[in-house]
Amino acid sequence: MSSNLKDLFTRYLGNPVLSAKDIPYTVNSVFNAGAVKVGDDSLLLMRVEDRRGLSHLTVARSRDGFTGWQVDPRPTLPADPVGHPEEVWGIEDPRICRMEGEERCIISYTAYSKGGPLVSLATTEDFKHFVRLGPVMPPDDKDAALFPVRFKGRYAMIHRPAATMEGLGCHMWLSYSPDLKHWGDHQIILRARHGGWWDANKIGLSPPPLRTSEGWLVMYHGVRVTISGGIYRLGLALLDLDDPGKVLLRGDEWVLAPEESYEREGDVQDVVFPCGWIVEGDDLRLYYGAADTTMAVATAKVSELLEWLHRHSEDCE
Ligand code: BMA
């Protein structure tokens, strides 16, 4: 089946758009940023790894979303290992969800605790002051993001607990909460495939779900384990607008994979890892960490992603 990959996502020719040298203090790498529009600016909340190997979050702003990034002079949201012991080994991979009709953004991030990675939440209105809500899922659990609306009054979150039993695979789950603190009604929404598939055994949500006229557009990563390590590639699915536990479409092929040298070589080779996208009309900018080392951006049309999903969705378990 032909995939028209070249047409779906177009990499920005100035990639990578941010790297360690753009940070005003000494760091190892910048990657896996959450993204949101704030006023006229595109804002990235970047995972920044320091030279101890631990991560914190730092804001970068740009008027056009591609160039002229203004980076905060110090960590915007440092880990808080004293007040929040679950952050002892840093905080990683933020996803930003602006609740519809509110200024408030809910940030879901990975806190690296002594028991393993877990899901924590924080809220902010200005990306200067943050209110931590603390850990909401025990380890191992990551790749979490909220929906920007409530369903029958409840918040909903996709996340990816790691299976404890060998061979079961790591799947994407959906959970609900009345108050952002107590989560329940857990259910699997998207399963890792089996065998030779690009998304066999381990998948996880990438940016937060995006509302479209046809359903919630979901991008997820699949991790193919090979003799020389993992390959992180990206696929698409569509969830029902009223009942996000219902999968309407799931693409067969991946839509973006490590190809450029900045995606193939770095601290971790062969990784494209988006945690955010900014959509204006039909225009989508996908912000992704490249090889766990830098930030890159690619553009696409939402309508083309949906069209592609219709052409590429089949029961492929
Ligand atoms: C995942 C996460 C990401 C990282 C990716 C590739 O498990 O930890 O932060 O980009 O692995 O190393």
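View 1. A disulfide needs two cysteine sulfur atoms within 2.5 Å. The structure holds 0 disulfides. This is a predicted model: local features need pLDDT of at least 70, side-chain atom pairs count only at pLDDT 80 or more, and totals for chains, interfaces and linings use all residues. Residues are numbered from 1 along each chain as its sequence is written, and side-chain values use heavy atoms, leaving out hydrogens and water.

**View 2. Cys275 is buried too, at 0% relative accessibility.** The closest cysteine sulfur is again in Cys97. The gap is 14 Å, too far for a bond.

**View 3. Glu92 and Arg47 form a salt bridge.** Their N to O distance is 3.3 Å; the cut-off is a side-chain nitrogen of Lys or Arg within 4 Å of a carboxyl oxygen of Asp or Glu. Glu92 lies in strand β6 (residues 91–98) and Arg47 in strand β3 (residues 41–49), so the pair ties together parts 45 residues apart in sequence. Strands are DSSP runs (E, at least two residues), numbered from the N terminus. Glu92 is buried, at 10%. Arg47 is buried, also at 10%.

**View 4. Arg52 pairs with Asp50 in a salt bridge.** The closest N and O atoms are 2.9 Å apart. Arg52 is exposed, at 65%, whereas Asp50 is buried, at 13%.

Key
Buried means under 20% relative accessible area, exposed over 50%, partly exposed in between (1.4 Å probe, protein chains only). Helices (H or I, at least four residues) and strands (E, at least two) are DSSP runs, numbered from the N terminus.
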